[in-house]
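Subject: Handing over the structure, with notes

Dear colleague,

I am passing the structure on to you here, and I would be glad if you kept it open on your screen while you read the notes below.

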Amino acid sequence: MLAGKAYIPVRVLKPFGNWKEGDMILLEDWKAKELWEMGVVEIIDEADKVIGEIDRILNEEKKNAPLTPIPEGLYEKAEFYIYYLEKFVQVQGGSIEVLQTKLTKLRNLKKKYKMLKNIRFKKILEAVRLRPNSMEILSRLSPEEKRVYLEISRIRNEWIGE
């Protein structure tokens, strides 16, 4: 899940290596997860920012027929904040208002993330149908999408030929 492709802002809670308490830094998603779970850092919640980015892309995807590139690391950021919000609600607790806010963000993020993946998947299927193994199409895809596109292209070519 977490592969170090997304950078997550954190605030240092306890001195760690060269970091001092209160430092704000960007960490790879897997490092942020580990250090947050150890209580060394606090995650700076940018779930709203990720939701906004997904919203923007959803609007573009609905308007444009062809596959267009999406921001690098977007899937990873979405998955990280889904993990973070789920864990926060389970473990951190807090006031009812904070929990309700986090749960609302979590539901919204999951819903929009799934919508984005569904739209992109349909477009990838259409691209495979019309242009399997196209370098041009590949250049517009995220690493996760490239894997799907190439695998479905392989299956299509085995079935139909080319």
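What follows goes from the overall picture to the helices and then to a few single residues.

Please keep in mind throughout that this is a predicted model. The protein has 6 helices and 3 strands, and when it is read along the sequence these elements follow the pattern β-β-α-β-α-α-α-α-α. Its C-alpha atoms fill a box of roughly 60 × 35 × 25 Å, taken along the principal axes. Of the 162 residues, 41% count as buried. If you take the contacts with a separation of 6 or more, 65% of them are accounted for by residues 24 or more positions apart.

Helix H1 covers residues 29-37, and its buried residues are Asp 29, Ala 32, Leu 35 and Trp 36. These four cover an arc of only 135 degrees around the axis, and therefore they lie on the same side of H1. H1 is followed by Gly 39, whose phi is positive, near 85 degrees.

The crossing of H2 and H4 is left-handed. On the H2 side, the residues that make the contact include Val 50, Ile 51, Ile 54 and Leu 58, while those on the H4 side include Leu 109, Tyr 113, Leu 116 and Ile 119. Taken by class, the residues of this contact between H2 and H4 divide into 11 nonpolar, 1 polar and 8 charged.

H4 also packs against helix H6 (residues 143-160), here at an angle of about 40 degrees and with the axes 9 Å apart. That angle makes H4 oblique to H6, and the crossing of H4 and H6 is right-handed. Among the residues that meet are Phe 121, Ile 124 and Val 128 in H4, and Val 148, Tyr 149 and Ile 152 in H6. By class, the contact of H4 with H6 has 8 nonpolar, 1 polar and 4 charged residues.

Finally, two single residues deserve a look. Lys 111 is found in helix H4, and with a relative accessible area of 55% this lysine is exposed. Its C-alpha atom is separated by 9.8 Å from that of Ile 51, although Lys 111 and Ile 51 are 60 residues apart along the chain.

The other residue is Asn 133, whose place is in the loop between H4 and helix H5 (135-138). Most residues other than glycine have a negative phi, but the phi of Asn 133 is near 55 degrees, a positive value in a residue other than glycine. With a relative accessible area of 38%, Asn 133 is partly exposed.

How values were computed: Residues numbered from 1 in each chain as written. Predicted model: local features only at pLDDT ≥ 70, side-chain atom pairs only at ≥ 80, totals over all residues. Heavy atoms only, no water. Left-handed = near helix turned anticlockwise from the far one by under 90°. Helix = DSSP H or I, 4+ residues; strand = E, 2+ residues; numbered from the N terminus. Contact = heavy atoms within 4.5 Å. Nonpolar A, V, L, I, M, F, W, Y, C, P; charged D, E, K, R; others polar. Buried < 20%, exposed > 50% of the residue type's maximum accessible area, 1.4 Å probe, protein only. Arc of directions from axis to C-beta. Axes fitted to C-alpha atoms, helices over the stretch in contact; angles between N-to-C directions. Parallel < 35°, antiparallel > 145°, perpendicular 65-115°, else oblique.
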